[in-house]
Each structure stands twice: as C-alpha cells, then as structure tokens.
Amino acid sequence: MSIISTEKLTRSFGAFTAVNAITFDVKEGEIFGFLGANGAGKTTALKMLTGLLAPTSGKAMVAGYDVWREPEQVKRRIGYMSQRFSLYEDLTIRENIRLFGGIYGLRLADIKTKTARLLEKLALEADADKLVGALPLGWKQKLAFSVALLHEPRIVFLDEPTSGVDPLTRRQFWELIYEAAHIGVTLMVTTHFMEEAEYCGRVSMMVDGRIEALDTPRNLKTQYDAKNMDEVFRKIARG
Amino acid sequence: MSQIILENISKSYGPLLAAQDISFEVSKGEIFGLIGPDGAGKTTLFRILATLLLADSGTARICGLDCVKEYRQIRKIIGYMPGRFSLYQDLTVEENLEFFAAVFGSSIKANYDLIAPIYVQIEPFKNRRAGALSGGMKQKLALCCALIHKPEVLFLDEPGTGVDPVSRQEFWEMLASLRAHGITMLVSTPNMDEAELCDRVALLQKGKIMAIDTPKGITSGFKSPLLAVRSVDMYQLIKDLRDMEGVADCYAFGEYAHLKFRESTTLSLTLTNEILAFLNAKNHQNIEIKPVQATIEDCFIEFIKH
Amino acid sequence: MNRFSAFVQKEFRHILRDRRTLLILFGMPVVQVLLFGFVLTNEIKNANIAVLDPSKDLESIALTSKLMSSGYFHLEKMLDSPSELDPAFRSGKIKMAIVYPPDFARQLQAGTAQLQLIGDASDPNTATTLINYANATIADYQQEKAVNSGVIPVKSLMVVQTRMRYNPEQKGVFNFVPGVMTLILMLVAAMMTSITIAKEKELGTMEVLLVSPLQPIQIILGKTAPYLVLTLLNAFIVVLLGIFVFGMPLRGSIFLLAAECVLYMFVALSLGIFISTKAKDQMTAMFISALGLMMPTMLLSGFIFPRESMPVPLQVIGNVIPATWFNPIIKGIMIKGVGLDVLWKQTLVLGAMAVFFLGLSLKNFKDRL
C-alpha cells in the first residue's frame with residue numbers, strides 16, 4: 001500500500017517551475033531517499049507534501065489524505081526532523097520531550113512513560129535534566145529523531161539527518177532509522193548528500209524540478225555503471 | 001623542505017579541547033587532507049595556520065615563517081578559503097575578483113595563467129552578482145579569489161560542503177592541476193570518500209589526530225578480515241550478525257553490512273557457508289556475501305573505537 | 001588600482017546596491033527633520049477652548065475676541081451654565097475653559113475682576129502653556145485698556161516686560177533642527193559604520209580580509225571613508241532643510257559649521273568602529289548603537305528635555321555624550337552667529353573625544369579572530 005502518492009505534482013513561482021509534474025509512490029515502511037542538488041526542487045516538493053505550500057497543479061496524498069485539502073489530518077500523522085532545527089537547545093532533554101509531546105496532544109501520563117522509555121533506549125537517563133545545547137551533535141540528532149517519533153507518526157521526514165557527523169554516529173543513527181522502518185514507519189530522507197543515499201531502500205533523483213531516476217541504489221548503480229551514488233548523480237546530472 | 005609544519009599545537013575553548021597536541025608536516029606541492037566530522041577541530045587548525053587564531057601552545061610554521069611572530073609575511077603568501085562562502089554577495093563575479101586582486105596588490109591580468117582554467121568556467125557569468133551563483137560556481141569563484149595573488153600555500157576549509165557531486169569532482173580536478181604549479185594545499189572534509197583524492201591525510205576526531213598516512217597506507221593498516229553481507233531486512237541482519245560467534249563488529253555500509261571478524265580469523269569458503277547457514281536459519285532472504293577491502297570509513301570507525 | 005581606492009570603491013558599491021542602507025542614509029534624515037520640525041514643536045496652535053460668559057458685556061466680549069484672535073485658541077463652545085464644564089472637559093473636546101463672573105465689566109470698573117482659567121491638567125505641559133498664553137493675553141488687554149483710558153491701575157505700576165532674544169517667536173524649530181542634526185549625524189555615522197563592519201564579520205568576509213596583507217587601519221579607513229563623505233552630505237541637507245523649510249538663520253561662518261560637523265562625525269565614526277569591535281553581528285551592532293548612542297543623544301543631550309531640569313547624575317552622564325557639546329555649537333553658529341572665541345571649549349571637548357575613541361577602537365580592533 002502506498003503511504004505517499006503524488007500525481008503530476010507541480011509548483012511554479014512566476015515563470016519558474018520549481019517542481020515539474022512529479023509522480024511517485026512510497027510504500028509503507030520504506031526508507032525513501034529524496035535526492036537532488038541544492039535548488040533542484042526538493043524543498044519545494046517537501047513543503048507540498050507536508051501541507052505548507054499549495055501545489056499549482058496535480059495532487060499529493062499522504063497517509064490517505066489529500067495534503068492540500070486536509071492538512072490537519074496529514075500533520076497529525078507525520079513527524080519531521082531537520083539538521084538545522086529540531087530541538088530547543090536552551091531547554092533540557094526532558095523539557096523538550098514534554099514540549100513536543102504536548103504539541104502533538106499526548107496525554108501527560110503517556111508523555112511520562114514515553115519519556116522514560118526514550119531515555120532508557122538512548123541511555124540518556126543521567127543526562128535528562130541537561131540542556132540539549134550541551135549534548136554532542138550526534139546525540140542531539142539521535143534524540144531529535146526519537147522525539148520526532150514520539151507521537152507515533154506513520155511517516156517521518158528527515159532532512160539531511162547525518163551530514164557532518166562521524167562515521168560511527170552515522171551508523172548508530174541509521175540503525176535507529178532501520179528500527180523505525182522495521183516497525184512500519186515510513187521514512188522519507190531528503191538530502192543532497194550522496195553518502196546518505198546509499199542507505200535508502202529506494203531513491204528518487206531530482207534534477208531541475210523533475211524526477212530523472214527512481215529505483216533502488218543497487219539498480220541505479222547497475223543501470224548507470226557506477227561504483228557509488230555519487231557517480232550515479234554525476235551521470236544523471238550531466239544528462 | 002616542508003611548507004607547513006605543526007608541532008604540538010593545542011587549543012581549547014573553555015572546557016572544549018579543539019586541538020590536542022597536533023603535529024604534522026606538509027611538503028611542497030602536496031595535497032594534504034584533514035578528515036573528520038563537524039567539531040573535530042579542522043577549522044581551528046585552519047585558523048591557527050591562517051594566523052587568525054593563536055594556539056595555546058605549540059608552534060606552527062609556514063614556508064619557514066612563524067605563525068605568531070611573522071604573521072604579516074605569512075598573510076602575503078597564503079590563500080585562504082573559509083568553510084563558509086566568504087565573498088561579497090552583492091558584488092559581481094568580476095568585482096569580487098578585482099577587489100581581492102587589489103587587496104593583494106595584484107591584478108587579474110598578472111596571474112591570469114594560474115586562474116584561467118577555473119575562471120573560464122565562470123567568466124560567462126562575470127557580470128552576475130556572486131549571491132546569485134550556484135553553489136558550485138560560488139566555490140570556483142572563491143578558489144579564484146584565493147589564488148589571485150599566486151599563493152605558496154592554499155588553505156581550503158571544507159570546499160565540498162554544499163556543492164553538488166558534479167561540481168565537487170570538478171573542484172578536486174582543479175586542485176590536482178594546481179599541484180603542477182607547486183602550490184601546497186591543506187584541504188579539510190567530513191566526507192571520507194574524498195580522502196582518496198589527497199596525497200596524504202590526517203584523520204581527526206575530537207581535536208586529536210588518530211592517524212596520518214597516505215589513503216592506501218591507512219586502509220592497508222586494517223588487519224581484520226572484512227565481509228560485506230546483505231539481505232532484505234537490514235535491521236534484523238545487523239542484529240543477528242552481531243550475535244554470531246567470532247564477529248568483532250557489524251555496521252551498515254550503504255546497502256551492505258560490513259562484518260568484521262577477529263584478526264585471528266581467516267576468510268574461507270567454510271566461513272562464508274557458516275554465515276549463510278546462520279542467516280538462513282534466521283529466515284533471511286536474498287542473502288549475499290562477499291569479501292571487501294576496508295575503506296577509510298571502516299578505518300575511521302576502528303580508530304574511534306580504540 | 002591601489003588597495004585603498006579599491007576598498008572605498010567596493011564600499012560604495014555595497015551602499016549603492018542596498019536599498020535599506022540608502023533609505024537609512026538619505027530617507028531617514030529628511031523624514032526625521034520634517035517630522036520633528038512640524039510635529040514635535042512645543043508651540044500650541046488653535047487649542048480648543050470653551051467660554052462660560054454669563055455677563056456678556058462689552059468687556060468680556062472684547063477680551064474673548066482678543067483671546068481668540070491670538071491664534072493660540074479656537075473657540076470650541078460657548079457654555080450656558082457651570083454644569084456644562086465638567087462634561088466638556090471629560091469629552092476631551094476642550095483643553096481650557098474661561099469662566100467670567102456674571103458682572104465682569106462692573107467688577108473691572110470697581111478695580112478687581114475675578115476671572116477663572118481652568119486647564120486640563122491631565123496633560124500638564126499643554127495646560128501650563130495654554131494658561132501662560134492666556135495670562136499673557138489678558139495682561140496685554142489690561143495694559144491696552146489702561147493706556148487708552150489714561151488711568152494707570154495701581155496694580156500695573158510695574159509692568160514686567162519679557163523679551164526673548166535670537167528667537168523672539170520662540171520657534172521650536174530652532175531647537176529641533178540642531179537637535180535632529182546631532183541625532184542624524186550620530187545615527188548615520190556611528191550606527192552605519194558599526195553595522196557595516198559587523199556585517200563583514202557576520203558574513204565571514206572579515207576572515208578573508210584579515211588573512212590578506214591589509215593592515216587593520218586600512219580596513220577601518222576603507223570602511224569609514226565613504227560614510228564620512230555621505231554623512232557630510234547629510235549634514236548639508238539637514239542644514240538646507242532648516243534654512244529653507246523652517247526659516248532657520250545661518251548667522252555665523254558656514255566654514256566653521258562644516259569644520260565642526262566633520263569633527264563631530266569623527267567622534268561618531270570612531271564610536272561606531274568601537275562598537276563594531278565589540279559586536280559580532282549586525283543585530284548586536286544595531287542594538288548597541290540604538291540603546292547606547294541614540295537614546296542618550298535624544299534624551300540626555302538637552303535636545304528634547306532641558307538639561308537644567310535633569311537630576312544631577314543624569315546631567316553628569318549627559319556630559320559624556322558628544323551631542324551635548326555639539327548641540328550648543330550648531331545653535332551658537334547658526335542662531336547666535338558666534339565663532340570659535342565662544343565655542344572653543346565645546347570644540348576642544350569634541351576633539352578630545354575623537355582622539356580618545358579613535359585610539360580606543362584602534363586598540364580594540366584585533367587583526368586576528
């Protein structure tokens with residue numbers, strides 16, 4: 001079953017078409033890489049999928065709802081984590097969890113049990129009352145991802161989740177992503193960072209507002225006779 | 001003689017140790033890579049070498065000049081490209097280049113030969129404001145500006161960040177061609193793949209150098225037998241493999257999991273069959289097993305863990 | 001092209017390409033001078049008043065009409081009974097009321113007439129000003145009457161004559177134009193310099209400049225020179241506005257005025273540079289400039305509130321504000337037509353401030369990060 005499905009989704013700004021009739025499906029529990037260079041239209045597409053921007057034409061269904069018609073239904077069922085902003089650095093870990101639990105309307109008792117479970121899983125019990133700003137980058141990202149899962153969303157959008165972290169932390173982070181996918185959460189990873197693409201189940205490659213390729217990394221590498229996704233990207237971008 | 005010499009450089013910001021006892025040398029015409037994640041201390045080292053920051057202890061010399069006492073002379077012979085795009089966005093491509101040439105008492109004409117191979121690519125846009133350029137073109141312009149006075153030593157702090165793979169590859173090709181002019185280059189990157197494009201690299205983590213060598217030297221130092229394994233369910237695969245007898249480590253590496261055995265283990269068909277049987281028993285589908293060469297990333301993880 | 005001219009050229013390009021900067025540089029001074037000049041005067045014209053005149057005799061009618069012809073008052077309402085006073089004030093329609101006794105002319109004949117002036121002291125400044133205007137007009141009326149009748153009332157034997165010199169009509173503009181000049185020059189010179197230097201830090205270009213062979217003094221001069229020129233131009237515009245729009249005189253030497261403006265701008269520029277050595281980004285630079293320079297310049301230099309009526313500590317603080325010294329210089333030259341023989345003290349203080357702040361900011365300007 002498709003959890004995300006778009007049909008000729010298009011967005012123009014004046015004469016410029018940022019997203020040009022993209023059509024794709026994402027299956028439930030999939031880790032989908034949404035790739036493209038800066039300015040290829042990823043961000044605009046993502047805004048339409050999360051109900052922040054109206055499409056010029058076409059439509060997008062997320063978790064069974066038309067995003068533009070029923071954005072509230074969609075928002076309740078999605079989570080979001082970006083590299084730039086995810087948690088308040090001047091609040092403690094516990095306060096952040098409580099805040100985001102509250103924002104998504106969880107009951108206080110639920111927040112409590114979930115906080116305990118989350119802290120135990122990340123082995124952060126001793127640091128629960130420390131400011132998030134004091135945590136190392138890698139920990140912040142793991143925590144941010146866990147908080148994004150707090151309200152049990154069906155889809156989580158991740159924006160360049162592991163750029164700049166060390167290789168070991170990156171793997172620990174991807175294991176969290178695999179674990180979420182394992183229990184049926186759909187992960188949509190937007191990135192221009194090809195190293196991250198290698199970890200996705202399927203990837204789409206956006207160039208100038210269009211999806212130029214969509215397949216598993218393995219098939220793309222075979223198709224383009226490339227040794228890694230970086231090379232795939234270069235071959236697609238050069239046309 | 002070494003163009004860049006660092007001896008026991010340390011620098012801390014309050015409790016944060018940004019550089020701990022760093023020593024290395026870079027010879028003329030070499031491309032030396034500082035490889036490490038955000039916060040490893042790469043930028044701190046660049047700033048110390050570019051005479052922007054004073055180290056707490058240790059000495060740094062560039063072309064024989066001391067970074068503290070002779071910083072004025074050093075500033076004349078180095079080119080510096082900071083991590084962030086640091087040109088004037090409201091000036092055009094040409095105006096930026098002219099300005100930096102004038103600052104160094106030079107002109108575009110005087111060193112045109114050096115920048116020509118790079119500049120021709122952005123010359124068609126010379127009347128465009130720098131802010132309106134794509135990431136790749138901004139990077140090329142920044143490189144031109146850093147080269148306009150024909151520096152002896154070039155410092156490039158994360159030039160690949162925010163640039164698409166096509167431009168990044170072109171950028172590295174340009175650096176390789178600059179080697180022919182005898183320019184010494186210190187380049188940093190968080191991207192382990194780029195290590196292979198350097199002559200030598202230092203792996204940096206939390207302000208410490210974990211290893212210095214050629215990329216080959218580093219990967220050949222990885223002694224443990226390594227296999228790449230895949231199956232349909234990556235999450236379960238990693239979990240199961242970690243429980244297997246003789247396995248030292250198991251991590252996801254793209255579509256495969258890298259499976260590291262203890263050093264005493266020898267790779268053999270028997271071992272492969274054992275793994276296959278083990279995974280079959282756990283109901284894994286589409287299993288694939290093959291021996292692999294360790295990458296810089298495998299080595300980096302290894303160094304972090306020890 | 002040499003380094004310095006390349007730097008200045010680049011700086012002019014930044015300024016000319018940024019609409020916000022241009023607007024602050026040239027739009028704001030003009031708007032501020034016009035606003036302050038027309039709106040923020042302490043003269044009151046056509047204030048609405050009410051008159052309760054039960055006597056309605058020749059004297060009361062003559063006095064009322066004299067009051068109305070002064071230009072300060074506008075007769076909003078004739079009241080019929082004292083009970084209407086309260087609602088009239090409450091509604092806010094009137095600022096003052098004049099209450100005559102039922103037999104005003106007779107009382108006046110007898111020697112002492114009772115006349116009541118009621119002001120709306122919820123706005124004490126306006127009330128006091130209006131009552132003063134009314135008192136002056138009434139005294140005037142009395143005197144005219146005495147002269148006409150040839151009888152000199154005993155009470156009026158000593159008539160106090162007040163004359164305001166230099167600005168006989170006491171035009172607020174004469175106070176505000178110099179005040180606005182001190183403010184504008186401080187704003188443009190100090191705030192814009194601190195912002196422009198902080199901007200280079202914020203965008204990371206300062207890092208590249210520092211690593212170049214440019215000396216700190218070259219960077220500072222290159223950044224400030226364009227603003228010096230533009231601020232001078234601004235000062236010129238403000239003076240022209242003062243003269244041609246508000247009728248300010250320029251009695252003293254124009255060269256001395258220009259020279260003093262340059263001196264004041266040096267103080268402001270060096271303050272701007274000093275702020276930029278402390279501020280990491282544009283926002284901080286703007287905040288420090290606004291709170292640290294603009295507010296004191298407006299409030300403590302004597303531009304809006306007279307320094308004489310301030311508590312001593314505030315007067316002392318006011319002394320370290322450049323505008324406190326520059327304000328009397330402009331007024332002296334433009335309105336009184338005096339020269340350096342009178343203004344040497346203020347000039348010396350400004351000179352000392354310029355040297356002090358320039359030295360301080362040069363010392364603080366680091367050529368490392």
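Which handedness does the crossing of α2(C) and α9(C) have? The crossing of these two helices, α2(C) and α9(C), is right-handed, where right-handed means that the near helix is turned clockwise from the far one by less than a right angle, and left-handed that it is turned anticlockwise.

## Basis of the model

This is a predicted model, in which local features need pLDDT of at least 70 and side-chain atom pairs count only at pLDDT 80 or more, while totals for chains, interfaces and linings use all residues. Residues are numbered from 1 along each chain as its sequence is written, and chains are lettered from A and ligands numbered from 1 in the order in which they are written.

## The helix pair in chain C

The axes of helix α2 (residues 19-38) and helix α9 (residues 216-244) of chain C come within 10 Å and cross at roughly 25°; helices are DSSP runs of H or I with at least four residues, strands are runs of E with at least two, and both are numbered from the N terminus. Axes here are lines fitted to C-alpha atoms, for helices over the stretch in contact, and angles run from 0 to 180 degrees between N-to-C directions. The crossing angle makes α2(C) roughly parallel to α9(C), given that angles under 35 degrees count as roughly parallel, over 145 as roughly antiparallel, 65 to 115 as roughly perpendicular and the rest as oblique.

On the α2(C) side, C:Leu25, C:Pro29, C:Val30 and C:Val33 meet C:Leu230, C:Asn234, C:Ile237, C:Val238 and C:Leu241 of α9(C), two residues being in contact if their C-beta atoms, placed from the backbone, lie within 7 Å. By class, this contact has 8 nonpolar residues, 1 polar and no charged; Ala, Val, Leu, Ile, Met, Phe, Trp, Tyr, Cys and Pro count as nonpolar, Asp, Glu, Lys and Arg as charged, and the others, Gly among them, as polar.

## Domains of chains B and C

Chain C is assigned a domain 1 (3-40 + 171-364) and a domain 2 (47-157), with bounds that come from an automatic or database domain assignment. The C-alpha centres of these two domains of chain C lie 47 Å apart.

Chain B, with 10 helices and 14 strands, is divided into domain 1 (2-216) and domain 2 (221-305), and the C-alpha centres of its two domains are separated by 38 Å. Between them, 7 residues of domain 1 of chain B are in contact with 6 residues of domain 2 of chain B; on the domain 1 side, β9 (200-205) and β10 (208-213) of chain B each supply at least two residues, and that side divides into 6 nonpolar, 1 polar and no charged residues.

## Overall picture of chain B

Along the principal axes, the C-alpha atoms of chain B fill a box of roughly 70 × 45 × 35 Å. Of the 306 residues in chain B, 48% are buried, a residue being buried if 20 or more other C-beta atoms lie within 10 Å of its own, exposed if 12 or fewer, and partly exposed in between, with C-beta atoms placed from the backbone. Among the contacts in chain B with a separation of 6 or more, 71% join residues 24 or more positions apart.

## Contacts between the chains

Of the 2 pairs of chains that touch, chains A and B have the most contacts, whereas chain A and chain C do not touch, their nearest C-alpha atoms being 18 Å apart. Chain B and chain C meet through 23 residues of chain B and 20 residues of chain C. On the chain B side, α2 (71-77), β6 (78-81) and α3 (93-103) each give two or more residues, with the largest share, 4 residues, coming from α3(B).

Leaving aside its neighbours within four places in sequence, B:Val166 is in contact with A:Arg234, A:Ala237 and A:Arg238. B:Val166 is partly exposed, with 17 other C-beta atoms within 10 Å.
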